Amino acid sequence: YLTLAFLLMAGIVTAQTRGDNQIQVKGISFHGTVTALLDAGYEVQSLDSNYQTVTTEFRNVSLKSGRKSTVFASFYIRVKDSTAFITGKWYSDLFSGRDPSNAEKNEVKLTSGASKFIFESMDKFAQGLGGEIKYGRQ
């Protein structure tokens, strides 16, 4: 049974590789994606139901300990053919203050440091959507 469970899980999630900056989740609607964002506490900055895109406001990414960090992230999601394509941007308010318009934005990538931490946060959201997941580069 254990082997069967492993084989089934292997077909649902592809491996992450260093430098990945996009998560694809198959089998999700645009409405389902937006609802999941709202349910997870994200605020919508912009939404386009014609092109099925949604961008979240920048929000503080809590550390694993639950404490607030100096890092803020925003997700951009496009749903096409029942697949959500999730990417993100981040910044640190350490030098720029809390106003994201003053901050240099960085692409969320599976690399190291804050970017990796935010990619893991983005992945946690994607896993919650419940579809087949694939990682890649945009």
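Reader: Is Tyr91 buried or exposed?
Author: Happy to start there, with the reminder that this is a predicted model. Tyr91 has a relative accessible area of 1%. Buried means under 20%, so Tyr91 counts as buried.

Reader: Which kind of pair do the rings of Phe58 and Tyr91 form?
Author: Let's look at the two rings together. Their centres are 5.2 Å apart, and the planes of Phe58 and Tyr91 meet at 70 degrees. Planes over 60 degrees apart count as edge-to-face, so the pair of Phe58 and Tyr91 is edge-to-face.

Reader: How many residues apart in sequence are the parts that Phe58 and Tyr91 tie together?
Author: Phe58 lies in the loop between β3 (53-56) and β4 (59-60). Tyr91 belongs to strand β6 (residues 83-92). The pair therefore ties together parts whose separation in sequence is 33 residues.

Reader: Which residue has its charged end over the ring of Tyr91?
Author: Good one to find in the picture above. The charged end sits 6.0 Å from the centre of the Tyr91 ring. The residue it belongs to is Lys105.

Reader: How many aromatic pairs does the structure hold, and which kind is the pair of Tyr42 and Phe125?
Author: The structure holds six aromatic pairs. The rings of Tyr42 and Phe125 have centres 5.9 Å apart and planes at 75 degrees, so this pair is edge-to-face.

Reader: How many residues apart are Tyr42 and Phe125?
Author: Tyr42 is in the loop between α2 (30-39) and β2 (44-48), while Phe125 is in helix α4 (residues 113-128). The pair links distant parts of the chain, and the two residues are 83 residues apart.

Reader: Are Tyr42 and Phe125 buried or exposed?
Author: Tyr42 has 8% relative accessibility. Phe125 has 8% relative accessibility too. Buried means under 20%, so Tyr42 and Phe125 count as buried.

Reader: Which residue lies over the face of Tyr42?
Author: Here we stay with Tyr42 and look at its ring. The residue in question is at 3.7 Å from the ring centre. It is Arg59.

Definitions and conventions. Residues are numbered from 1 along each chain as its sequence is written. This is a predicted model: local features need pLDDT of at least 70, side-chain atom pairs count only at pLDDT 80 or more; totals for chains, interfaces and linings use all residues. Side-chain values use heavy atoms; hydrogens and water are left out. Rings of Phe, Tyr and Trp (its six-membered ring) pair if their centres lie within 6.5 Å; planes under 30 degrees apart count as stacked, over 60 as edge-to-face and the rest as tilted. Helices (H or I, at least four residues) and strands (E, at least two) are DSSP runs, numbered from the N terminus. Buried means under 20% relative accessible area, exposed over 50%, partly exposed in between (1.4 Å probe, protein chains only). A charge sits over a ring if NZ of Lys or CZ of Arg is within 6 Å of the ring centre and within 35 degrees of the ring normal.
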